[in-house]
Amino acid sequence: MSFLNKEICDGDNPDLTEERRTATFDTDRMAQVIYGSEKFAARRRQITKSISRIPALQDTKPLAFMTREEKITEACRELDVLSDHWEQLIYVNDEEEALHLHREVIGMEGHPFALHETMFIPTLVSQASDEQQEKWLGRARKREIIGCYAQTELGHGSNLRKLETTATYSPSTQEFILHTPTITALKWWPGALGKSSNYAIVMADLVIKNKSYGPHPFIVQLRDEKTHQPLPGITVGDIGPKMAFNGADNGFLGFDHFRIPRGNLLMRHNRVEPDGSYLKPPHAKIGYSSMVKVRSRMAMDQGLFMAQALVIAVRYSAVRRQGFLEDKSQEVKVLDYQTQQHRLFPSIARVYAFIFCGLETIQLYEKLILDVNKNGDTSGMADLHSLTSGLKSVVTHFTGQGIEQARMACGGHGYSMASYISEIYGVAVAGCTYEGENMVMLLQCARALVKAVELVEEGHPEKLSPMMAYLTKPSVTVDLTVGPEAYVKIFQLIAKKQAFKATEQLHKFMVAGDSRDVAWNKSAVELTKASRLHTRLYILKTFIRRVESITDISVKAALTDLLNLHLNYELLDVASYALADGIMSSTQMDFIKNQLYSSLEKIRPNAVSLMDSFQFSDLQLRSVLGRRDGHVYQNLFEWAKSSPLNQSEVLPSVTQYLKPMMEKSKL
Ligand SMILES: CCCCCCC/C=C/C(=O)SCCNC(=O)CCNC(=O)[C@H](O)C(C)(C)COP(=O)(O)OP(=O)(O)OC[C@H]1O[C@@H](n2cnc3c(N)ncnc32)[C@H](O)[C@@H]1OP(=O)(O)O
Ligand SMILES: Cc1cc2nc3c(=O)[nH]c(=O)nc-3n(C[C@H](O)[C@H](O)[C@H](O)COP(=O)(O)OP(=O)(O)OC[C@H]3O[C@@H](n4cnc5c(N)ncnc54)[C@H](O)[C@@H]3O)c2cc1C
């Protein structure tokens with residue numbers, strides 16, 4: 001069967017056109033599955049088309065040849081053009097459309113509104129009272145002000161309880177006095193803080209009558225709205241270049257007894273009355289909700305990062321010819337090598353798996369905020385916290401690995417910035433650190449797991465949340481030929497065993513006399529392993545659920561092949577646990593391997609279209625190697641010619657140093 005997918009264009013590289021003709025499904029239909037609905041997939045295409053009609057938004061100079069300052073200026077110029085067209089391009093206040101617009105036009109290297117959209121506005125939505133929203137939310141949404149999220153300090157990022165910035169209440173003036181008592185208390189890292197933002201959500205330790213109430217969110221004006229100069233009492237600046245993300249001005253911030261009105265403490269869930277009395281929130285960690293929001297998006301966002309790298313690597317692999325198989329008259333596409341498929345296809349499966357999880361967790365967060373804001377119901381917080389903690393850690397780790405494999409799959413050209421994969425990698429792996437360092441978050445997930453195991457051991461399995469129910473499943477012998485459910489059963493046994501083993505180790509150290517904290521640290525590696533298995537099980541189950549729900553037969557068939565690859569690859573990857581515990585036999589292992597290899601063959605004809613389905617424009621991809629037309633060699637040569645080094649034949653470095661040096665050597 002062949003589909004006239006709209007990517008097919010006769011002017012494209014014939015090898016890519018051939019790949020597109022052999023696809024067994026319609027890429028528009030696949031895009032609906034990827035982006036969650038027909039409506040949103042169509043809106044994305046519409047927005048992309050509208051952008052392509054605005055000349056001022058087409059790429060000027062390649063980003064790779066720009067300095068940091070040029071990148072920041074270019075992002076601001078594009079934002080300015082966008083704001084002139086905002087209402088024609090997207091539905092105002094539609095977060096997903098705004099994200100698509102920014103990703104496509106400005107790309108992934110950061111921009112002044114990145115934190116405004118992802119953390120500043122969401123914090124106002126979840127933490128500000130109705131009155132406070134009236135005052136700031138409208139202005140923020142209209143982009144009259146630019147905000148960021150200033151929490152991390154030079155001395156502390158993970159351990160929020162030790163943040164040192166203080167917000168001391170003064171009942172006589174009804175103000176909070178923000179102060180940075182030490183150098184380690186300087187806010188450090190917040191995106192868009194250094195030069196762009198004029199407002200910030202500042203997380204500071206609330207102090208009333210010498211009593212500390214822990215970190216609370218405050219809205220703080222940092223710069224004069226007319227002159228953009230920092231207000232007196234505020235020290236603010238950029239923290240310097242980073243591994244990637246250099247279009248963003250991550251910043252530092254210090255306060256010298258800086259006063260803000262009482263009404264600047266975000267008071268939807270807690271209050272400080274004029275006399276200084278404090279009203280507690282309904283849940284101690286409700287002030288952390290903006291982090292949960294970003295974590296709930298990370299499976300989707302990281303999935304899209306990895307997808308970008310794979311679009312580039314898969315298209316290139318279908319164009320690159322090197323070496324021979326049977327036919328010695330023509331070299332083969334490197335995509336035909338089993339090793340290349342094994343390098344790329346499991347990551348394609350993970351991309352889809354992560355995105356399906358992301359679609360779910362984004363909705364779970366939205367529901368949670370509705371429950372909390374409308375009904376004061378915080379009962380979903382613990383589960384969402386543990387789920388998103390595990391998920392952000394697992395997806396960022398595998399995304400980093402997948403992107404690096406994509407780079408290597410492109411050989412030498414993958415190492416060139418023309419591929420853009422190094423930038424994608426640099427941006428994606430920041431996710432291993434931001435929104436909670438991965439080990440720290442895996443250990444948060446482990447807290448929930450240990451609690452669940454303890455409930456089972458204490459004879460209260462009925463108290464387990466549905467996500468933990470597998471911890472009560474008995475050991476069974478499994479016939480893998482039965483299908484996905486059999487894989488789930490084995491995975492459940494592996495994850496359960498590890499959760500019980502890690503908890504047993506924790507208890508053993510405690511029985512031997514260690515405090516819970518010390519015992520926890522001595523068991524931490526085993527605990528993180530349990531968290532990873534628990535999370536990977538969740539990802540696997542979500543993938544199965546999602547594929548089962550698809551109605552388009554050809555899309556479902558293509559995704560079933562990917563799902564089978566994922567099931568076999570994941571199980572093989574954790575086989576050491578299964579073998580050690582006698583859960584799987586070596587015969588079963590051989591079965592899994594054979595299934596895996598046959599999945600690679602099945603996926604091969606659809607590989608390009610599985611990645612085309614993400615419908616990234618060339619503007620968004622920013623990759624010379626991965627362009628839709630596949631004319632890699634011509635495109636690479638043009639790109640190299642545009643390098644600033646090639647704008648003159650003889651560089652000053654040659655006339656000033658190399659020539660005299662060579663002349664001296666002749667003497
Ligand atoms: C496209 C690119 C865009 C780029 C954007 C990049 C933007 C980046 C922004 C940032 O990085 S913002 C800063 C992010 N910082 C962090 O994520 C810090 C990580 N640390 C924490 O979140 C916390 O410190 C901690 C690790 C969760 C620990 O907090 P705390 O010390 O207060 O609690 P514990 O004693 O460990 O746990 C007590 C109890 O509370 C539960 N809990 C913790 N957090 C939550 C939560 N958010 N929701 C619900 N429950 C929570 C925790 O599980 C414990 O429960 P029990 O086990 O006691 O039942
Ligand atoms: C690109 C980028 C953007 C960022 N944007 C923002 C932003 O907008 N706003 C903001 O406020 N912050 C931001 N951050 C900061 C980020 O949130 C923190 O860097 C992150 O939370 C990690 O904290 P840390 O740097 O203190 O690491 P540390 O906690 O010092 O981590 C160092 C090491 O110690 C280990 N470790 C720490 N605690 C424990 C523990 N309890 N148990 C076991 N191991 C532990 C970690 O695993 C890690 O290996 C950003 C960071 C980056 C890289």
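Q: Which element gives the largest share of the shell around ligand 2?
A: That's α13, with three residues. Helices here are DSSP runs of H or I with at least four residues, strands are E runs of at least two, and both are numbered from the N terminus. β1 (147-150) is another supplier, and like α13 it puts in at least two residues.

Q: Before I go on, how should I read the model and the numbering?
A: This is a predicted model, where local features need pLDDT of at least 70 and side-chain atom pairs count only at pLDDT 80 or more, while totals for chains, interfaces and linings use all residues. Residues are numbered from 1 along each chain as its sequence is written, with chains lettered from A and ligands numbered from 1 in the order in which they are written.

Q: OK, back to ligand 2. Which residues come nearest?
A: Gln151, Thr152, Gly157, Ser158 and Met439, out of 21 residues around ligand 2. A residue counts as near if its C-beta atom, placed from the backbone, lies within 6 Å of the molecule.

Q: And what classes are in that shell?
A: Eleven nonpolar, nine polar and one charged. Nonpolar covers Ala, Val, Leu, Ile, Met, Phe, Trp, Tyr, Cys and Pro; charged is Asp, Glu, Lys and Arg; the others, Gly among them, are polar.

Q: What about ligand 1, how many residues surround that one?
A: 26, and the closest are Leu160, Tyr288, His385, Tyr434 and Gly436. By class, the ligand 1 shell has eleven nonpolar, ten polar and five charged residues.

Q: Which helix gives the most there?
A: α8, with four residues. α6 (114-127), α8 (289-319), α10 (381-409) and α13 (438-457) each supply at least two.

Q: Which domains does the ligand 1 shell draw on?
A: At least three residues come from each of domain 2 (147-281) and domain 3 (290-459 + 487-611). Those bounds come from an automatic or database domain assignment. The ligand 2 shell also takes at least three residues from each of domain 2 and domain 3.

Q: Where does domain 1 sit relative to domain 2?
A: Their C-alpha centres lie 30 Å apart. Eight residues of domain 1 are in contact with nine of domain 2, contact being C-beta atoms, placed from the backbone, within 7 Å.

Q: Switching to strands: what does β2 pair with?
A: β2 (residues 166-170) runs antiparallel to β3 (residues 175-179), joined by five bridges. Three bridges link β2 to β5 (residues 199-208), and that pair runs parallel. Two strands pair if DSSP finds at least two bridges between them.

Q: Who partners with whom?
A: Ala167 has Leu178 as its bridge partner in β3, and Thr166 has Asp205 in β5.

Q: What's in the turn between β2 and β3?
A: The two form a hairpin with four residues between them, and Gln174 in the turn has a positive phi of about 55 degrees.

Q: Which other residue has a positive phi although it is not a glycine?
A: Ala192 is one, at about 65 degrees, in the loop between β4 (187-188) and β5. Most residues other than glycine have a negative phi.

Q: Is Ala192 buried or exposed?
A: Buried, because it has 25 C-beta neighbours inside 10 Å. The cut-off for buried is 20 or more other C-beta atoms within 10 Å of its own, exposed is 12 or fewer, and partly exposed is in between, with C-beta atoms placed from the backbone.

Technical notes. Contact = placed C-beta atoms within 7 Å.
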